[in-house]
Amino acid sequence: MIKEAEKNRLEDEENKKKLEAKAALMDYTQDIKEKVPSLSKLDRKDKKKFMTEVAKTCKWLDENKNRLAECEEYEDMMRKLENVCSPILGKMD
């Protein structure tokens with residue numbers, strides 16, 4: 001019984017980490033989407049690259065909304081989005 005409780009506690013902790021990673025990705029994606037109107041200052045290539053990566057992330061989140069992905073999957077998607085969007089947003093400053 002104690003082993004089962006420990007197992008459940010560990011599963012709960014893992015699920016919490018996954019949910020936090022998912023929420024972080026969703027929040028970041030939403031923040032990035034809200035910056036879209038200010039992209040008019042960018043050249044067409046950067047704007048397309050930005051929009052494509054945001055759309056890819058949104059599509060992935062939508063396709064995986066009914067399952068809890070591994071924490072690493074959310075972190076990987078976050079890194080990809082940041083690697084594309086951060087340098088582009090830096091050009092706007």
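**Entry 1: the tail end**

I started with Met92, which is found in the segment after α3. Helices here are DSSP runs of H or I with at least four residues, numbered from the N terminus, while strands would be E runs of at least two. This is a predicted model, where local features need pLDDT of at least 70, side-chain atom pairs count only at pLDDT 80 or more, and totals for chains, interfaces and linings use all residues. Residues are numbered from 1 along each chain as its sequence is written, and side-chain values use heavy atoms, with hydrogens and water left out.

What does Met92 touch? Not counting residues up to four places away in sequence, I found Ser38, Leu39 and Leu42; contact means heavy atoms within 4.5 Å. I also looked up Met92 against Arg79: they are 13 residues apart along the chain, and their C-alpha atoms are separated by 20 Å.

**Entry 2: helix α1**

Next I went to α1, which covers residues 2–34 and has 33 residues. From its first C-alpha to its last it reaches 48 Å, close to the 48 Å expected at 1.5 Å a residue. The expected span is 1.5 Å times one less than the number of residues.

Which residues of α1 are buried? My list has Lys18, Ala21, Lys22, Leu25, Tyr28, Thr29 and Ile32. Buried means under 20% relative accessible area, exposed means over 50%, and partly exposed is in between, using a 1.4 Å probe and protein chains only. What covers these buried residues includes α2 (44–63) and α3 (71–90).

I picked out Lys18, which sits in helix α1. Lys18 counts as buried because its relative accessible area is 10%. Leaving aside neighbours within four places in sequence, Lys18 is in contact with Leu68, Ala69, Glu70, Cys71 and Tyr74.

**Entry 3: α1 against α3**

I checked how α1 and α3 pack: the angle is about 20°, with the axes 9 Å apart. Axes are lines fitted to C-alpha atoms, for helices over the stretch in contact, and angles run from 0 to 180 degrees between N-to-C directions. So α1 is roughly parallel to α3. Angles under 35 degrees count as roughly parallel, over 145 as roughly antiparallel, 65 to 115 as roughly perpendicular, and the rest as oblique.

The crossing of α1 and α3 is left-handed. That word applies if the near helix is turned anticlockwise from the far one by less than a right angle; clockwise would be right-handed. On the α1 side, the contact residues include Lys17, Lys18, Ala21 and Tyr28, and on the α3 side they include Cys71, Tyr74, Met77 and Leu89. By class, I have 12 nonpolar, 2 polar and 4 charged residues for the contact of α1 with α3. Ala, Val, Leu, Ile, Met, Phe, Trp, Tyr, Cys and Pro count as nonpolar, Asp, Glu, Lys and Arg as charged, and the others, Gly among them, as polar.

**Entry 4: α1 against α2**

Then I looked at α1 and α2, whose axes come within 11 Å and cross at roughly 145°. The crossing of α1 and α2 is left-handed. Leu25, Met26, Thr29, Ile32 and Lys33 of α1 make the contact with Phe50, Val54, Thr57, Cys58, Trp60 and Leu61 of α2. The contact of α1 with α2 has 8 nonpolar, 2 polar and 1 charged residues.

**Entry 5: α2 against α3**

For α2 and α3 I noted a packing angle of about 160° and axes 9 Å apart. Therefore α2 is roughly antiparallel to α3. The crossing of α2 and α3 is left-handed. Among the residues that meet are Asp46, Lys49, Trp60 and Leu61 in α2, and Glu73, Val84, Ile88 and Leu89 in α3. I sorted the contact of α2 with α3 into 11 nonpolar, 1 polar and 6 charged residues.

**Entry 6: two more residues**

Lys49 is found in helix α2. How accessible is Lys49, and what is its class? Lys49 is partly exposed, with a relative accessible area of 47%. Not counting residues up to four places away in sequence, Lys49 touches Val84 and Ile88. Lys49 and Asp12 are 37 residues apart in sequence and 38 Å apart in space, C-alpha to C-alpha.

I finished with Asn66, found in the loop between α2 and α3. Asn66 counts as exposed because its relative accessibility is 75%. The C-alpha atoms of Asn66 and Glu82, 16 residues apart along the chain, are separated by 24 Å.
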